[in-house]
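Hello,

Here is the structure I promised to send over. Please have a look at it first, and then read on for my notes.

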Amino acid sequence: GQVVYSIAEETERGAPVGNIAKDLGIEAATLAARKFRMLTGSSKQYFNINASTGALSVNEPIDREQLCELKSACLLNYELVLENPLELYRMEFKVLDVNDNSPVFPLSEYHINMPEFLSPGARFTLPSARDLDEGTNGVQNYTLSSDEHFHLEMQTRGDGSKYPELVLKKALDREQQATHRLVLTAKDGGDPPKSGNVSVIVTVLDTNDNAPEFEHSVYRASILENSPSGTLVVQVHATDLDEGPNGEIRYSFSNTTSAELQRMFSIHPHTGEVTVNGVLAVQRPLLELLIEARDNGAFGMSSTAKLLVEITDVNNHGPEITVTYLSSPIPEDAVPGTVIALLSILDKDPGENGKIACQIPDNLPFQLKPSLENYYSLVTSGLLDRELISEYNITITATDLGSPPITTQKTLWVQISDVNDNPPVFSADSFDVFVEENNPLGAFLYQVSASDPDTGENGRVSYTLRNSTVAGSPLASLLSVSAANGSIYARRAFDFEQLKSFSFQVEAKDNGLPALSAAITVNVYISDQNDNAPAILYPTSPNGSVAVEVVPRLADEDYLVTKVVADDDDNAQNAWLSYHLTYSSDSTLFHLSPHTGELRTTRSMRSTDFLKHKVVVVVQDHGDPPLSSTVTVGILLADTLPQVLPDFDDYGQPPPLLNATNIYLIASLACVSFVFAAFLLFFAVMRL
């Protein structure tokens, strides 16, 4: 938006100008919160904004003549920048002229040498006054003090400008009056009007009655602003009808030409060639100089001509890129059209040389959009993904339309901040974990790991167990997981015989807001250990007694005495059982199948066999180390089952391998053998 204010120059400090909030339709209470700023290219801050009311007031009085010199329109441009959201408003202040300057002549006295023989009607150019005010406040008319010999007339040059001339009304007589003192007054059109005076001293001379005359009253020339020193601008020419020294002409710049222009240009006193004398450091496209032609008479006569020099611009200024606002970093979820930066791009050259074309590389998700005059907005044009690209170096290229064009580049570094748009990711959908039973408490089972490409808290992953039950027990009573690294630990020992496998889920959750999560299934398989000895199911021996089996007295060979039946709760080879006969009261009578546990007779029974027999059977698994169980079976040879079974507890115990008597016999035999060997050795030595 844009708003235009008008204010008279020299308005006192604190005077109200307007209300920017009301004029732009902005809530005044939000100005401070939105960090308003007034931007201007001026070196002074002429205006203030009240942050609470939006009132616009004068901060420093404006001197229009100092600020804008001779410009017809004096404008001050400001930009009001607001944030959250970013908005830019243009304010234009028209500084109105007041009649605060009086007309001023370049000299305090102006001297004219006038020959006495001049006829009435002779004309002499008078100095023009300068008034820094514009329009009607500038110089409007001239008056001359009363004198019987002179009167004042206004003349118009070819370009329409007016200047005063002194006209001889009555012939002069130097012998009666050699000097005439006149007062030239310039008045402006202000209310009240102001005026300025200069003394015009006319000296009456006796010689040189013709002034030089220029071929043209106005000369026009055009040069490039970068023309080097010595470049010819124009050659002026004047003629003088007098002869001798009175007709010789010298050229110079009039005293009314500013000293600045006299330093930029020089004029040859004899040829009238005007050349460039220095750097043409001016901002005005048209320069006005007054050239005076004066003869070499004893009392030289002069005339003036105007020289208008048009400065043709060349493309000698490159675009200037200024970053007014930059938002970095920006979140990766910024929607297309989000304003990233506000740029001011200016070129001091006028016309086509000052027009600018701006661009950024096409392969970026950004776009450069023109805003207000000389302002561009850098906005997002696509979706951003910090995980793919975390920062951008955006090169802004500004090229003017001059010939040859001048290019300026500026690089903006824009960082992309992370948002929580990625959940944690496991490397697989499930994991299988194998653990042996009877594990120690706190045993490490497995470590799950999930990755999150986000950064900071958005990428920090923590792990938890999802609530569930295993064999009727809460999962938390079986396992625990480290929230920091996903390590899974056993909280109790597993028993393969009770629980062979189970599954649960581990959840990985990041610390973003809102948090994102993922889960993985962990399958736990418990492997068996040989922790159960075989259990003998048959024959049973209640209360630790001997199990009794009855066999016919004349049983045939391979008669089935009994079958030992056993079971092992372990699994696989830990439950593979073998049967062994470790003791038999008659080793020739019975044999045991190692795989089936069947106890059978080795031969037919004889009448001479003992009626009671006792065997010890060991059932052993194939674990490492193996476990075993023992059962003692008493065998009674009888054709009928007796009413009372005999006692087998003390019958047929296997004799001990060594007893006290055997030990004494062995020791005695060893001693006798030693004595006999010593005697033989002694006998052999004596014979030798």
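A word on naming before the notes: strands, labelled E, are DSSP runs of at least two residues, numbered from the N terminus. Please also keep in mind that this is a predicted model.

Let me start with the loop between E41 and E42, where Pro514 is found.

Next, the aromatic residues. The structure holds 13 aromatic pairs. Among them is a stacked one made by Phe434 and Tyr525, with 5.3 Å centre to centre and 25° between the planes. It counts as stacked because planes under 30 degrees apart are classed that way. This pair links distant parts of the chain: Phe434 belongs to strand E33 (residues 430-436) and Tyr525 to strand E42 (residues 517-527), with the two residues 91 apart. Phe434 is exposed, at a relative accessible area of 64%, whereas Tyr525 is partly exposed, at 34%.

Elsewhere, Tyr5, Phe47, Tyr78 and Phe93 form one aromatic cluster. There is also a charge over a ring: the charged end of Lys500 sits over Phe496, 4.8 Å from the ring centre.

Finally, some backbone details. Most residues other than glycine have a negative phi, and most peptide bonds are trans, so these places may be worth a look on your screen:

- Ser328 to Pro329 is a cis peptide bond, with omega near 5°; Pro329 lies in the loop between strand E24 (320-326) and strand E25 (330-331).
- Ala471 has a positive phi, near 55°. Its place is the loop between strand E37 (469-470) and strand E38 (473-474), and Ala471 is exposed, with a relative accessible area of 69%.
- Asp558 has a positive phi too, near 65°. Asp558 is in the loop between strand E44 (547-551) and strand E45 (560-563) and is partly exposed, with a relative accessible area of 40%.

Best wishes

Key:
Residues are numbered from 1 along each chain as its sequence is written. This is a predicted model: local features need pLDDT of at least 70, side-chain atom pairs count only at pLDDT 80 or more; totals for chains, interfaces and linings use all residues. Side-chain values use heavy atoms; hydrogens and water are left out. Rings of Phe, Tyr and Trp (its six-membered ring) pair if their centres lie within 6.5 Å; planes under 30 degrees apart count as stacked, over 60 as edge-to-face and the rest as tilted. Helices (H or I, at least four residues) and strands (E, at least two) are DSSP runs, numbered from the N terminus. Buried means under 20% relative accessible area, exposed over 50%, partly exposed in between (1.4 Å probe, protein chains only). A charge sits over a ring if NZ of Lys or CZ of Arg is within 6 Å of the ring centre and within 35 degrees of the ring normal.
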